[in-house]
Amino acid sequence: MATDTDFIVDTRPLWVILLGRSVRPLLLLATAGLYWLVVSLEPPAGLTPEGLRALATFVVCLVLWVSSALPLMITSLLAVILLPLGGVMPATDAYALFGNEAMFFILGVFILAACVMRSGLSTRIALTILHRFGHTPRGLLHSIFFLNAFMSFFMSVHAVAALSFPIIVEIVGVLNLRPHRSNYGRALFLAMAWGSTIGGVGTLLGGARAPLALGILRGATGESFSFLEWAAACLPIVALMMLLGLAVLALFFPIDITSIRDADEMLAEKQLALGRMRYEERAIAMVMFLTLLAWVFFGESYGLANIAIVAVIVLFAAGLATWHSVEQYVNWGVILMYGGAIALGTAVNQTGAALWLSQQTVSAWASSPSAAVAIISGMSIVLTESMSNSAVVALMMPVTLGVAADFDMPLRIMALVVAVPAGLAFAFPIGTPANAIAFSSGYLRMRDITLPGAVLAFGGWCIFNVVANYYWPLLGIHMHVP
Amino acid sequence: MHGLKIDAALRDRLFEGTEARASREIDLLLPEDVWVQAPIDERWTASSPFTLANEGGRFRLRRGANSPLDVRVLAPPDFYRKRTAQGAPMGRIAEVHGNFVAIDPTAGCGFGTPGLPCQFCRGIGNAAPSTLPSVAEVVEVVRSAFEEGAAEFVYFRGRCTDAPDGGVAALTPYIVAVKRHFNTLIAAQLDPPTEQRDVDRLYAAGVDAVSYNLEIYDAGTLEQHCPRRAQTIGRHRYLEAMRHATQVFPSGTVWTELVVGVEPLDSTRSAIDDLTAMGVLPVLSIVGPAAADMPGIVIPSPEELRPVYAHLYKAVKQQRTPMTWVRDLPIGVTPLDARFFVDERDRLSSSSFYRSRLGTLAARSLSRLRRRLRVKTVSESFDSSRL
């Protein structure tokens, strides 16, 4: 029985509801049939029988991830059991891929972020910055935009959005901004969502996409990126996207209020209520800072995951965290999803299926490495508007590794080409949790997100390709193997 | 309308050991499965032409010198004489009418001011109880009623509240508990809420049929006789709640009572037309003897009533709204009861399947399936979006 607030009554005709409910079981049956059909085929030229079975598993996951007929993490578990059952790889190898370094890096990041949030440190940072810089309507809007982007360098995008959402709800409340009517109200929520999303592509900490892409890359090729290399490659994209985001906000939502004094006072009161910084906050801030330095300077030699786990152990040893307090912040669904995706990506690549698939698709459409990057990044951006960012990475990475081999490109560049655009979802509430949180405010209509978001996404695609072609070579990330 | 005379010995035998409230009305089952509730309080029935007598073990209803009609009397069930584990008389918590057990844990009547007797209540004067029964007590009483075979369904009455939700929040724990413990259908009668979300909430909690009893359709007459309701709730809120409820609840499960005799019969006819067009089933009850001498009240004659009942049946039939969900309400004439007022050739062919054990099982199962399909848990939709 539904709880008091957690339900909706669907008043569409019953036959429509029944039809909708039948789609999932029918789709699951069709997917099972598709798997059986693919594995029954004679392997085409250039594809081994193991490759064909890996491809069949990939197709099953593709359908299920895109359709969400099963939760993403359950599809991943299905992939892990289909690989050994289909004879693609031994069960011990498939399950061993769950122990990938990327998984432990994500786990460590979740726990660190949980400690930051639980201690109130993140709230303090948010209120301090907003109160310091947000004295005018434009100043407050920009503060929210930049604050969310900055915090997403260190915390996952949806955690940042969830953290700042209640503050913005209070701001629009004290300013008496009317839902669906106030340009400023709409701009504030979009600044929150877009700032978080853009900032999330800046480092390896902003979301689990990048660690997943690196996990698949490492599983398939043994190559990777250091923390600093990744940030250096992505931060210019963030900077340009921020400028574009501000321009889009100003263009679509001209500020329609002149004073935010009430909001300013509210922020001052909240900051006052926090009091002075406590020992716990200072200590966690120190651990986070040292962890960041360790990722930058020792990430390559000691491993990102090892550093993250050491930081977690230090927090627990110092009594700054308890398991009970952080376990609710650890998204075990993500962990399961990534384990399966990494196993699948590795299998598709090692059996040659990725190469064969890429030759039939992107490699056949593209005429040069730059064109291939443009196509892949475009596909990632389009797919991520309707799919989980991580699912896009899980789907695209194996194929793009094949494309890289086709065009004689460095394999590791594909982690950037897939993971960064996969984070640029702006046009639909379902694209990313940050958009969904903004939409849930009631201040935004669908068209308030869709059109400006589409402009931003297209701009993002252009910026990404310009950066990939002209800036990355300066860092030594070339389109061709030198 | 007139009530029913019943001799003292029979009354004592029928109502021995029960609460006074249960002994002021009697439910009769007439031939063709028509339930009727008749006042038997001597204050109002002295001039009634109807008498009920037990003749050789059979109950016979007589009107003057006319030939008697064999009827079944719903004797007060045994559980009226029991007490709950907490010591409350069960008969004070629930009443059996027709084939349902009626429970009004939060209030008595929606006509008057909260806590005061209602001027139309046929002398019952069922003011709001001073202490509410606990959820456990209600479950206990329903269990007793079901085990005894006294009722099949549960009917919650939660009127007479100033709460903006119409009493949904107060009733919900009882509804949820009964639904959890018994495989039964639940009807509820409440004040209309200010937010339609509360109608959804009622359905999601487990209510299968709902009644927002407008009782007087004409706005001026409503204002005259029920100023509290007219001012604090208003006719518009009733109509909006019913309109929304017809979208949420199954077709033929939203009903409203209209009291015949308080407003002109033409007004009742137009009420029937408007309400049936919305998908609402009007149930026509007649103003009780307690209110018969009030100013502006004109008790219509049976000849005047017959075409109104026929109109009710035809209007519902024309809208193709199912009539079998709202039935066996002794307090009024349901559209299904009204079929006897049209020519036989105009009646829909009906079977008694819906009354059979299999029919009841099908109704319960379909109702449960429908709720499962219609009520969606939002968090399930976001199952994977957190990634």
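The following questions and answers look at salt bridges and a surface patch in a predicted model.

The model is predicted, so local features need pLDDT of at least 70 and side-chain atom pairs count only at pLDDT 80 or more, while totals for chains, interfaces and linings use all residues. Residues are numbered from 1 along each chain as its sequence is written, chains are lettered from A and ligands numbered from 1 in the order in which they are written, and side-chain values use heavy atoms, with hydrogens and water left out.

Me: Which residue forms a salt bridge with Glu281(A)?
Reply: A salt bridge is a side-chain nitrogen of Lys or Arg within 4 Å of a carboxyl oxygen of Asp or Glu. In this pair the closest N and O atoms are 2.6 Å apart, and Glu281(A) is buried (under 20% relative accessible area, where exposed is over 50% and partly exposed in between, with a 1.4 Å probe and protein chains only), at 2%. The partner of Glu281(A) is Arg124(A).

Me: Is Phe297(A) buried or exposed?
Reply: Phe297(A) is one of the residues that make a nonpolar surface patch of about 780 Å². Its relative accessibility is 58%, and therefore Phe297(A) counts as exposed.

Me: Which residue forms a salt bridge with Arg58(B)?
Reply: Arg58(B) is partly exposed, with a relative accessible area of 43%, and the closest N and O atoms of its salt bridge are 2.4 Å apart. The partner is Asp70(B).

How values were computed. Patch = residues over 30% accessible without salt bridge, like charges linked within 9 Å, V, L, I, M, F, W, Y side chains within 5 Å. Areas by Shrake-Rupley, 256 points an atom, 1.4 Å probe, with all protein chains shown as cover.
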